[in-house]
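Please examine the sequence and the structure shown here before reading the briefing.

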Amino acid sequence: MVKSNKQMLMLYSLLLSVSLVFVGCSDTQSQKEDSQIQEKQDQEKQDREKELTDEQAKDVNPINDDISKDLDQILKKLAIGQSVAQVKEMFGEKYELVNDADTNTVIWRLDFTQNTDYEFPKEKTWLQNMNVDVADLDGLIKGVIDSQLFIKFDDEDKVSSFSYYYKGIDNNIKVRHMFEDGTIKEERI
């Protein structure tokens, strides 16, 4: 009976060892599978976050592929608080004086185009007859004009805000406003 108890004990020990090895292997395999699943989920999450970040960058980034090279240069040069003299130094004397429709103050309109024959449309709307700040949207759509910049100055002849109209690569007309407090707002027209 002692011998049979020893044999039984050995048999149980052997079965226990085999089952532990089997359980250990299956745990290792399931851990490996879990790890692969987790890696895949992490990668998918990173991909989704990158897509969201890329989309947000398109929406928020002031200088992206959708904005003309003119605007890139203007935003690097033009700043809130610059003097009339500094603006003239950057852009020269090729500006028109128009009235801000909201405040009835004088602002500058600068037309950017490669077309040397370009003139602001002669067939004026009633707003243009009042010499109000109206963008040449038709010219922008047709590509006759590349972009337009409207600059507002404060009482001390410092740049207080500006608006830049341009045609995006999606062929939509857009305007980017820079306000006195430094906030930027972009709209599609």
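The structure is a predicted model, and the average pLDDT of the protein is 75. Its largest pocket holds about 460 Å³ of space, and six aromatic pairs are counted.

**Confidence**

- A pLDDT of at least 70 is reached by 67% of the residues.
- Residues 53–65 have a pLDDT below 50, and this stretch makes eleven contacts in the model beyond near neighbours in sequence.
- The pLDDT is also below 50 over residues 126–130, a stretch with eight contacts beyond near neighbours in sequence.

**The largest pocket**

- The lining of the largest pocket consists of 18 residues, and Lys94, Asp111, Phe112, Thr113 and Tyr118 are those nearest its centre.
- Helix 3 (84–91) and strand 2 (106–112) are the elements that each contribute two or more residues to this lining.
- Strand 2 supplies the largest share, with four residues.
- Sorted by class, the lining contains seven nonpolar, seven charged and four polar residues.

**Aromatic rings**

- The ring centres of Tyr95 and Trp108 lie 3.8 Å apart and the ring planes meet at 5 degrees, so this pair counts as stacked.
- Tyr95 sits in the loop between helix 3 and strand 1 (96–99), whereas Trp108 belongs to strand 2; the pair, 13 residues apart, thus links distant parts of the chain.
- Both Tyr95 and Trp108 are buried.
- Phe91, Phe112, Tyr164 and Tyr166 are joined into a cluster by ring pairs.
- Phe112 in this cluster is also among the residues nearest the centre of the largest pocket.

Definitions and conventions
Residues numbered from 1 in each chain as written. Predicted model: local features only at pLDDT ≥ 70, side-chain atom pairs only at ≥ 80, totals over all residues. Heavy atoms only, no water. 1 Å grid on protein atoms, 1.4 Å probe; cavity = no way out; pocket = protein on both sides within 12 Å on 5 of 7 lines; lining within 4 Å. Points joined across faces, edges and corners; volume = space filled by probe spheres on them. Nonpolar A, V, L, I, M, F, W, Y, C, P; charged D, E, K, R; others polar. pLDDT = per-residue confidence, 0-100. Contact = heavy atoms within 4.5 Å. Phe/Tyr/Trp six-rings, centres within 6.5 Å; stacked < 30°, edge-to-face > 60°. Buried < 20%, exposed > 50% of the residue type's maximum accessible area, 1.4 Å probe, protein only.
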